[in-house]
Amino acid sequence: MIRADKRGGKDHARPKPETIRLRVNGAWHELAVGRDVSQAETLSHLLRERFGLTGLKLSCEEGACGACTVILDGKAVLSCMTLAVELDGRSVVTIEGLPKDDPVIEAFAGQCEPGYGTALQCGYCTPGFVMASRALLDENPAPTPAEIKEGLSGNLCRCGCYAGIARAVWHASRKTAAKGGGK
Ligand code: FES
Ligand code: FES
């Protein structure tokens with residue numbers, strides 16, 4: 001389930017800057033606080049409404065489901081629990097920023113295996129799982145099944161595709177290893 005440490009903000013006591021610079025999928029953007037981004041705006045809202053990056057999904061909006069997961073400076077974070085104004089100088093990657101042939105994406109799309117099933121049905125949870133899995137494999141390129149389960153424990157799938165998801169991540173890790181290691 002959700003962890004408070006997946007919030008992306010760093011220092012809540014620091015005075016808020018008048019502008020922030022945020023790197024989104026490789027491109028830097030300067031945002032005026034109060035004009036381009038409000039003090040209370042979440043990263044999820046900013047990414048979806050200002051940048052049009054609607055790959056990340058919103059479901060609970062209270063840190064309980066993982067559908068809004070993005071990667072912030074290499075770590076999976078819940079964008080619905082992260083204040084955008086706290087991210088000056090930081091780098092965020094959404095599912096739109098992953099290469100189309102990312103082994104995780106390919107593994108989720110191709111997963112269909114007796115005993116495990118598919119990695120997605122309705123697909124609503126999929127972007128969050130993909131980003132959490134990408135961050136997991138970047139940190140640990142060859143996780144055990146138990147480590148995969150633990151690493152994805154903050155993400156929920158209402159369609160119950162957990163076995164297929166875990167298997168897809170395992171396949172992605174093996175494919176990455178066969179290509180010569182992690183990113
Ligand atoms: S929408 Fe962010 S954790 Fe559920
Ligand atoms: S595939 Fe439907 S919620 Fe996960």
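**Helix α2 and its two partners**

Let me begin with helix α2 and helix α5 (residues 162-179), whose axes come within 8 Å and cross at roughly 135°, the axes being lines fitted to C-alpha atoms, for helices over the stretch in contact, and the angles running from 0 to 180 degrees between N-to-C directions. That makes α2 oblique to α5, since angles under 35 degrees count as roughly parallel, over 145 as roughly antiparallel, 65 to 115 as roughly perpendicular and the rest as oblique. This is a predicted model, in which local features need pLDDT of at least 70, side-chain atom pairs count only at pLDDT 80 or more, and totals for chains, interfaces and linings use all residues. Residues are numbered from 1 along each chain as its sequence is written, while chains are lettered from A and ligands numbered from 1 in the order in which they are written.

On the α2 side, Pro103, Val104, Ala107 and Phe108 meet Ala168, Val169, His171, Ala172, Lys175 and Thr176 of α5, where contact is taken as C-beta atoms, placed from the backbone, lying within 7 Å. By class, this contact of α2 with α5 has seven nonpolar, two polar and one charged residues.

Turning to the other partner, α2 (residues 103-110) packs against helix α3 (residues 126-139) at an angle of about 135°, with the axes 9 Å apart, and the two are therefore oblique to each other. Here Val104, Ile105 and Phe108 in α2 meet Thr126, Val130, Ser133, Arg134 and Leu137 in α3. The residues of this contact of α2 with α3 divide into five nonpolar, two polar and one charged, with Ala, Val, Leu, Ile, Met, Phe, Trp, Tyr, Cys and Pro counting as nonpolar, Asp, Glu, Lys and Arg as charged, and the others, Gly among them, as polar.

Definitions and conventions. Helix = DSSP H or I, 4+ residues; strand = E, 2+ residues; numbered from the N terminus. Contact = placed C-beta atoms within 7 Å.
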